[in-house]
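Keep the viewer open and follow the stops in order. Each one says what to select and what is found there.

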Amino acid sequence: MPIQRIHVENFKSFSELDIELSRFHVVIGSNAAGKSNFISIFKFLRDITINGIVNAIAMQGGAEYLQNTNIGPSRDLVIRIVYQPDQKVEILGQECKDTPLLAIQSCQSSYEFAIRFDSHGDGFSITRDRLIIGCEVMSCDRNGKRLSKIEKIGHGEIQVMSDKGELTYAVDLPEGFPLTEQELIPIYFRGKRVPEKTLLLETPYAYPLPHVEKFFDHIAVYDIDPKLLKKGVAVTGKRDLEEDAGNLVLVLKNIIGDPEKKRKFSNLLRDVLPFVDDFSVEKFMDISLILTLRERYAKNHDLPSTSLSDGTMTIFALIIVLYFEDKPLIIIEEPVSHIHPFLVGRVITMMKESSKRKQIMITTHSTEVVKHASIEDLLLISRDTEGFSVVSRPADKEEVRTFLKNEIGIEELYIQNLLGL
Amino acid sequence: MKKHLFIMVEGEDDVRFFGRIIKPLFVSRYDSVEIIPYASIKRTKVNNFLKSVRLMKNDYIFVADIDTERSVRDKKQILYYHFSNIEGSSIIVVIKEIESWYYAGLSRESALNLEVPDLSLTDELTKEGFNRLIPHKYDSRIDFMFEILKYFSLDSARMKNHSFRFFADRYYLADPIHGHRD
């Protein structure tokens, strides 16, 4: 599972938060409870990786809006993430010709940083910055592309630390591992300094081994705007779906171009919208693309996307997000706000299925979503007596369990605001 | 008054099956055919729903998996206990789970096309067993189920699953099969 645990201090409406995550979560809470602030943690990490910490702070509105208003610069802003990168086995090499190959597989890793803001303005210093890469070390043979005779040597850890910009590595590898720290960490990674106001996460030094690929920059936070999807899009653009799904038609064009992908997309689409007979992407004036859809009721008449409902367009985007985007963690804000309650169960079934391959988190106010989610999937965000946001799991609460046992549905407890008892 | 048929099913996998395969076989007999997934509805509400359907003199079929019950009779007893308004004649028990009905609809040729094993009987096929049969090229179970429904043969399903055959014969969904099963 990509992100297994998250810990934050002095971040937006949170004073302190420490919570384990599962593969699928439905984040609920009343207005202004802190749902968006919770999602901002993941956006912030993603933005640091892509744009750097200075820009990431600015993208959140500056230090003033990033720290908790009541705490301010009196405490560091801390974020710690325990995560599981893609578990690929990478060959490190061979000690000599007659010995087995050495391989390494990433496993549970963690990243932590702390920032101390100046008492005024957006100035800050980095007080802690540490990545711990967990790995399993093994020996193996290679037959063509396949690895065989895989034997575990043991568990290891590679720590990468930046202390006031000075970069250090600490390698703890199991007994019997023949390579030294010097051999494992490439020479061009040593004795370097991380530039001022720069976190490890934004440098190549956080990724000293080829198997530890970047992770946080692949987090996607979707806020699908169905009105935007109905417009034609330029023929040029990204092949990944934009976070507002504005380039949906372009992404769909690529799916249609691959018969196997189109078959799969059509099946999934018809599972939710049985009346759809076919869909295509048409070129308009040679410069833009537009989605057209053929309904079962009018076989000789294609409808342009401008005539399609917001819910239909949202479902197109959701299927792409859930089944065609290769991301370790996806967050979807209010995904069912345009979808009929009868179809919500089907969409949630798809989300649960897709969460076997990627971590999925959605925010919602919809009682239908709550009804179709399992109690274990829910994360409830509320405010404590001091106004700090807290995240709890209704599944852990005895009172909630008792209500459920007595056939009071989750959705009723949600409507009555009793999930936080 | 218009005559409606309500098919009460457990979850979304059942909705998909009944929506694509069974509903078209009933549409000519009723003004409307509605499929209602009941697993996420509280029992008292399901019971009141059944009561309303009966008061309106509409028809309903209540579909339930046999789960861990030893016999159809035992399963019906459980349902009588939970729903006072249910009638035994309207209950259809799926053995074992709806996945066994999906798979039963694959003829030998269809199984070959989908690159899955041909099973002569699916009475013992569970959800877990079905999941193990999904070829690697399908990374979505929903996609695979949908693909099965494209190939679904009523005759094959009646040959390969006893409970489906009972259901199909009970509601005259196809010509009766005479003689031995192969």
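The tour goes from the chains to their domains, then to a helix pair, a pocket and a cavity.

**Before selecting anything**

This is a predicted model, in which local features need pLDDT of at least 70 and side-chain atom pairs count only at pLDDT 80 or more, while totals for chains, interfaces and linings use all residues. Residues are numbered from 1 along each chain as its sequence is written, chains are lettered from A and ligands numbered from 1 in the order in which they are written, and side-chain values use heavy atoms, with hydrogens and water left out.

**Chain A**

Select chain A and colour by secondary structure: twelve helices and 18 strands make it up. Helices (H or I, at least four residues) and strands (E, at least two) are DSSP runs, numbered from the N terminus. The radius of gyration of chain A is 24 Å, close to the 22 Å from the globule rule for 421 residues, so chain A is as compact as a globular protein of that length. That radius is taken over C-alpha atoms, and the rule is 2.2 Å times the number of residues to the power 0.38. Along the principal axes, the C-alpha atoms of chain A fill a box of roughly 70 × 60 × 50 Å.

Now colour 86-109 + 130-214 as domain 1 and 222-326 as domain 2 of chain A; domain bounds come from an automatic or database domain assignment. The C-alpha centres of these two domains of chain A are 42 Å apart.

Zoom in on Lys12(A), in the loop between strand S1 (3-11) and strand S2 (14-20) of chain A. Lys12(A) is not a glycine, yet has a positive phi of about 50°.

**Helices H7 and H9 of chain A**

Select residues 259-272 (H7) and 341-354 (H9) of chain A. The two helices pack at an angle of about 145°, with their axes 9 Å apart. Axes are lines fitted to C-alpha atoms, for helices over the stretch in contact, and angles run from 0 to 180 degrees between N-to-C directions. Show side chains for Leu268(A), Asp271(A) and Val272(A) on H7(A), and for Leu343(A), Arg346(A), Val347(A) and Met350(A) on H9(A): these make the contact (heavy atoms within 4.5 Å). They divide into five nonpolar, no polar and two charged. Ala, Val, Leu, Ile, Met, Phe, Trp, Tyr, Cys and Pro count as nonpolar, Asp, Glu, Lys and Arg as charged, and the others, Gly among them, as polar.

**Chain B**

Switch to chain B, with nine helices and four strands. From the N terminus on, its elements run β-α-β-α-β-α-β-α-α-α-α-α-α. The C-alpha trace of chain B spans about 50 × 30 × 30 Å along its principal axes.

Colour domain 1 (4-94) and domain 2 (100-151) of chain B. Their C-alpha centres are separated by 24 Å, and nine residues of domain 1 of chain B are in contact with nine residues of domain 2 of chain B. Next, select Ile95(B) and Lys96(B), which are joined by a cis peptide bond with omega of about -5°. Lys96(B) is in the loop between strand S4 (91-94) and helix H4 (98-104) of chain B.

**The largest pocket**

Which residues lie nearest the centre of the largest pocket? Select His372(A), Glu10(B), Gly11(B), Ala39(B) and Ser40(B), from a lining of 48 residues. On a 1 Å grid over the protein atoms alone, a pocket is an open set of points with protein on both sides within 12 Å along at least five of seven lines, a cavity is a set where a 1.4 Å probe fits but cannot get out, and lining residues have an atom within 4 Å of a point.

The volume of the largest pocket is about 1,300 Å³; grid points are joined across faces, edges and corners, and a volume is the space filled by probe spheres set on the points. Its lining has 18 nonpolar, nine polar and 21 charged residues. H9(A) gives the most to this lining, with five residues. Domains 1 and 2 of chain B both give residues to the lining, so the pocket lies between them.

**The cavity**

Last, select Ile224(A), Pro226(A), Thr314(A), Ile332(A), Glu333(A), Glu334(A), Pro335(A), Ser337(A) and His338(A), which line the largest cavity. It holds about 40 Å³ of space.
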